[in-house]
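Biologist: Could you take me through one part of this model up close? I'd like a single connected tour, with the cut-offs spelled out as you go.

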Amino acid sequence: MKPPESDGSRARVLAAALRTWTTIDNDLEPPVARIEIRYPPAWAFAATNSLTARQQTRLLAFLRDDLAENRPGHSTPERAAAVIDGLIAELAAAGRDRITTADLTQAAPRIGRSRTWIAAHITDLIDRGQLTETRRPDTFRIA
C-alpha cells in the first residue's frame, strides 16, 4: 500500500476543484455549510469551501448516487440499518420531526434492500422507540 502523501497536493487539487464548482455554480444564496479539506499525516489545513443550500443538496445527491452505484452488493442488514439510521439523523438535523415511508424508501437503491425490507425495518424502529406512529398513514415522528 502506498503511503499517504505529506505535501497535501491531492488535497489542494480537491479543494481547487470544489472551489471552482462552488464559484461557477454560485447561485448567490448565502452559504449553509462549509467543507474543510485537510491532508495526512498530521491533517494539516488545505482549504475551506462554502456551499449554498442548492449545492449541498446536489453534492448529497451525487454522493448517494455514487454510493448506490458502487456499493449495493456490499450491503448487509446491519449496514442497511446504519444507512437508514443515518438518513433519519440527516432529516432530524435538517429540522424535520416527522418522516414518511417515502423519505426512507428513497434509500432502497443505495442500500441494496427492497422496500419490503425497509418497511420491516421501520417496524423495528417503532418497536425500539426511535420512531413513533402518527395519525397519518406512512408518517412517523422522530423520537
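Modeller: Let's start with a pair of facing residues: I35 stands opposite N49 in β2. Strands here are DSSP runs of E with at least two residues, helices are runs of H or I with at least four, and both are numbered from the N terminus; two strands count as paired if DSSP finds at least two bridges between them. Before going on, a word on the source: this is a predicted model, where local features need pLDDT of at least 70 and side-chain atom pairs count only at pLDDT 80 or more, while totals for chains, interfaces and linings use all residues. Residues are numbered from 1 along each chain as its sequence is written, and side-chain values use heavy atoms, with hydrogens and water left out.

Back to the strands. β1 and β2 make a hairpin with four residues between them, and W43 in that turn has a positive phi of about 60°. Follow β2 (residues 44-52) along and you get to T52. Leaving out residues up to four places away in sequence, T52 touches D27, E29, P30, P31 and V32, where a contact means heavy atoms within 4.5 Å.

R38 forms a salt bridge with E36, with the closest N and O atoms 2.6 Å apart; the term needs a side-chain nitrogen of Lys or Arg within 4 Å of a carboxyl oxygen of Asp or Glu. R38 is partly exposed because its relative accessibility is 39%, and E36 is partly exposed too, at 44%.

The structure holds two salt bridges. D103 and R96 form one as well, with their closest N and O atoms 2.5 Å apart. Here D103 is buried, since its relative accessible area is 15%, whereas R96 at 34% is partly exposed.

Zooming out, the protein has six helices and five strands, in the order α-β-β-α-α-β-α-α-α-β-β from the N terminus on. Of its 143 residues, 29% count as buried. And among contacts between residues at least 6 apart in sequence, 53% join residues at least 24 apart.

Terms used. Buried < 20%, exposed > 50% of the residue type's maximum accessible area, 1.4 Å probe, protein only.
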